[in-house]
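Biologist: I would like to learn how to read a structure like this one, feature by feature. Could you begin with the contacts between charged side chains, and then move on to the sheet and the helices around it?

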Amino acid sequence: MFDKLKKLFMDKQNQETDDKYILVPESEINENLKRDIVKLEEVGEAYCKSLQHKYRNKFEREDKQNLKIWMCRDIDGDQLPNLSSEQCLEKEYRSQVAINFDGFTDEEDAHVHYIQLWYYFSGYFKRTGTLYDLSKNHLKDDIEEKLKELLNQL
């Protein structure tokens, strides 16, 4: 699915922000990358649904009610009502898998736990993006690891 993206960045390991992300220079932010981001977010949404179903009872047994796992998108911190992955090349767009439980409301995100998928940062002089690297990581495993950590820690 991400073969082109993987090939594009194989020789740029020195630009990675850490093991989970690829640093994308502005010159490589284009429609091909957009297609890959849209696919990544679709995969993320599917994992959110299946893992929420799988872990809901486990959280409830630990007295942690109302588990919610979802794709969270914003532009410069504003969660706009109709924001979708189609706007992923807009400056300051960010997409994340979000996890919360226990009395959470959509307006309150103070206790939300995130796994960032894509962030298009528009700095003062140059713009870059950070993209979750599916070629080296397993998003489903990372979400499950975060869920297990939350189960054990809180």
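Modeller: Side chains of opposite charge can pair when their charged atoms come close. Here the side chains of Lys54 and Glu144 meet in a salt bridge, with 2.8 Å from N to O, where the term stands for a side-chain nitrogen of Lys or Arg within 4 Å of a carboxyl oxygen of Asp or Glu. Because Lys54 belongs to helix α2 and Glu144 to helix α3, the pair ties together parts that are 90 residues apart in sequence. Helices (H or I, at least four residues) and strands (E, at least two) are DSSP runs, numbered from the N terminus.

Biologist: Before we go on, what kind of model is this, and how are its residues numbered?

Modeller: This is a predicted model, in which local features need pLDDT of at least 70 and side-chain atom pairs count only at pLDDT 80 or more, while totals for chains, interfaces and linings use all residues. Residues are numbered from 1 along each chain as its sequence is written, and side-chain values use heavy atoms, with hydrogens and water left out.

Biologist: Is Glu144 buried or exposed?

Modeller: Buried means under 20% relative accessible area, exposed over 50%, and partly exposed in between (1.4 Å probe, protein chains only). Glu144, with a relative accessible area of 11%, is therefore buried, whereas Lys54, at 42%, counts as partly exposed.

Biologist: How many salt bridges does a search of the whole structure find?

Modeller: The search finds 8 salt bridges. Among them is the one between Lys34 and Glu86, whose closest N and O atoms are 3.4 Å apart. Since Lys34 lies in helix α2 and Glu86 in the loop between β2 and β3, this pair ties together parts that are 52 residues apart in sequence. Lys34 counts as buried at 15% relative accessibility, and Glu86 is partly exposed at 48%.

Biologist: Which residue forms a salt bridge with Asp74?

Modeller: The partner of Asp74 is Arg94, and their closest N and O atoms are 3.1 Å apart. Asp74 sits in strand β2 and Arg94 in strand β3, 20 residues apart, so that the pair links distant parts of the chain. Asp74 counts as buried at 3% relative accessibility, while Arg94, at 23%, counts as partly exposed.

Biologist: Where is Gln96 placed, and which residues does Gln96 touch?

Modeller: Gln96 has its place in strand β3 and, at 7% relative accessibility, counts as buried. Leaving aside residues up to four places away in sequence, Gln96 touches Trp70, Met71, Cys72, Asp74, Tyr114, Ile115, Gln116 and Leu117.

Methods: Contact means heavy atoms within 4.5 Å.
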